[in-house]
Amino acid sequence: MEKPLQRFRELVRKIRAFADAEAVLYWDLRTGAPRKGAEARAETIGFLSSERFKLIASAEMGTLLAELEEPSVWEKLGELDRRQVKEARREHDRSVRIPPEKHREFVTLTSKAETVWEEAKRKADFGLLAPYLERIVAMTREFIGLWGHEGHPYNTLLDQYEPGMTVDVLDRVFGELKAETVPLVQRAAERSRQVRADFLELEYPADKQREFSLFMLREMGYDFEAGRLDETEHPFMITLGPGDARVTTRYKENDVWFALSSTIHEGGHALYEQNLAPELAGTLLYDGASMGMHESQSRFWEIFVGSSLPFWRRYFPELARLFPRQLAGVDAEGFYRAINRSRPSLIRIEADELTYNLHIIIRYELEKALVAGEIGVGELPALWNAKYGAYLGVVPAHDGEGVLQDVHWAGGSFGYFPTYTLGNMYAAQLMHALRRDMPDVDGRIERGELAPIRRWLTDRIHRYGKSRTPDELIREATGEPLNPRHLIEHLKAKFG
């Protein structure tokens, strides 16, 4: 047993090393690499990804997995090794069906498309991105054909980001959420018009916003010896390997809440990565259980902690100290009311928590139809605008604030968007369980005692990485499977 297990572990470490190198280059590409070097950088990322892909799909990996899965060997493996073999088998079986040259072509294409997307968004010109998106969608459908699928072809894409999730389940839970949310939107918007919020749009110097962002990350427990904060067009968190989970944000000098919420959100992602169990380092399990579970951590901190009244009773004085002129005459409760206004809007990452899920449902419905061949890329702008009008009552003036606002499709991440709303559902369910286990949670937040909350999440979610499935984690943490009613009841209580 020892020889194949040792060879397997060595091969996995090599795969992880390629992934870490790709992450460094991607982080640099998105945080300030010279524009003229973007195409060459994309080619390099494509090459490294191709080499990693070859290792996952290699005959050697297939042979090692077969040896380790032999009953006489399997029964001697420890639990972590068994989990890792299962994860490797899942990735190998998917990867071996895609020719390496096709994989490299796809990675290079999407790396270039992401750079083109930045220009297309800036110019509000969907025509710039459309040719790339046509190829990305075509290749995605080709890959689904090679992978195979059960039921709807979109199921295969969902499984990459949220193992075990299906269109049947999403149609049910999203349908229930949409039915309860849409009627609330207009009523909540009417009440929000009475809330004073003009002070959020005054001029807030970026350097002071950065100072507060750094302070807030430290309060959350983010370890700056294992990460850093940078600025980018589209905020994200990325892990470059054990001990290096980086956060990015974007400062808008006339919108102070954008950077604050983005930093807390990405900080929630980073806390997940920084608190993975050390023994998972160098394995395929050193990652979040799923994108939905990862999103639950960012939304937990952004919404259930960082947008709460107890939070701002504690931290508003710190913000007012940095911005005394802008926040003159405003108190913690006034700030809380302002950041929690519900107004139908065009931009997903700026949406309030009530309308946010409708942004996700729109994207889910469109990309599901794209993958099924029911609509074409050229139809996206018009269909996008129609759905925004129907669900949110607003219509984009141009594609820059419409179909071009997100980078995900340019990156080929079909099946990713639903995990944002799944994350909201997980987060609401986790907060429900936390209140059961820690009845004084609001008092702790108001006193700035965030460490016990972080430890609760680490004990139940973070430390396990991918060694537990999303279903196992949510059942063990809360005592029940995924239940969308917790999110629905939270939204009805807050906005109804």
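Me: What makes a residue count as part of the lining of the largest cavity, and which residues are they?
Reply: In this predicted model, the largest cavity is lined by Arg-299, Ile-303, Phe-304, Glu-353, Asn-357, Asn-424, Leu-487 and Leu-491. Each of them counts because a lining residue has an atom within 4 Å of a cavity point.

Me: Which elements give two or more residues to that lining?
Reply: They are helix H12 (291-305), helix H15 (353-371) and helix H21 (485-495). H12 gives the most, with three residues.

Me: Why can empty space be found at all?
Reply: Rolling a probe the size of a water molecule over the atoms shows where space is left empty.

Me: What can you tell me about the second largest pocket, and what makes it a pocket rather than a cavity?
Reply: It holds about 320 Å³ of space. The name is pocket because the set of points is open, whereas in a cavity the probe cannot get out. Its lining has 18 residues, and the closest to the centre are Phe-304, Met-431, Arg-435, His-490 and Lys-494.

Me: Which helices supply at least two residues of the lining of this pocket?
Reply: H12, helix H13 (309-322), helix H17 (418-437) and H21 each do. H21 gives the most, with five residues. By class, the pocket lining divides into seven nonpolar, five polar and six charged residues.

Me: Is the crossing of H12 and H17 left-handed or right-handed, and which residues make the contact?
Reply: H12 passes H17 in a right-handed crossing. On H12, the contact residues include Met-291, Phe-300 and Phe-304, and on H17 they include Tyr-420, Asn-424 and Met-431. Taken by class, this contact has eleven nonpolar, six polar and two charged residues.

Me: Where do H15 and H17 meet, and at what angle do their axes cross?
Reply: Their axes come within 8 Å and cross at roughly 145 degrees. H15 passes H17 in a left-handed crossing. Tyr-356, Asn-357, Ile-360, Tyr-364 and Glu-367 of H15 make the contact with Pro-418, Tyr-420, Thr-421 and Asn-424 of H17. Five of these residues are nonpolar, three polar and one charged.

Me: Why are helix H1 (residues 2-30) and helix H5 (residues 79-95) called oblique to each other?
Reply: Their axes come within 12 Å and cross at roughly 60 degrees. H1 passes H5 in a left-handed crossing.

Me: What makes Leu-5 of H1 a contact residue?
Reply: Contact means heavy atoms within 4.5 Å. Leu-5, Phe-8, Arg-9 and Val-12 in H1 meet Asp-81, Gln-84, Val-85 and Ala-88 in H5. This contact has five nonpolar, one polar and two charged residues.

Terms used:
Residues are numbered from 1 along each chain as its sequence is written. This is a predicted model: local features need pLDDT of at least 70, side-chain atom pairs count only at pLDDT 80 or more; totals for chains, interfaces and linings use all residues. Side-chain values use heavy atoms; hydrogens and water are left out. On a 1 Å grid over the protein atoms alone, a cavity is a set of points where a 1.4 Å probe fits but cannot get out, and a pocket is an open set with protein on both sides within 12 Å along at least five of seven lines; lining residues have an atom within 4 Å of a point. Helices (H or I, at least four residues) and strands (E, at least two) are DSSP runs, numbered from the N terminus. Grid points are joined across faces, edges and corners, and a volume is the space filled by probe spheres set on the points. Ala, Val, Leu, Ile, Met, Phe, Trp, Tyr, Cys and Pro count as nonpolar, Asp, Glu, Lys and Arg as charged, and the others, Gly among them, as polar. A crossing is left-handed if the near helix is turned anticlockwise from the far one by less than a right angle, and right-handed if clockwise. Axes are lines fitted to C-alpha atoms, for helices over the stretch in contact, and angles run from 0 to 180 degrees between N-to-C directions.
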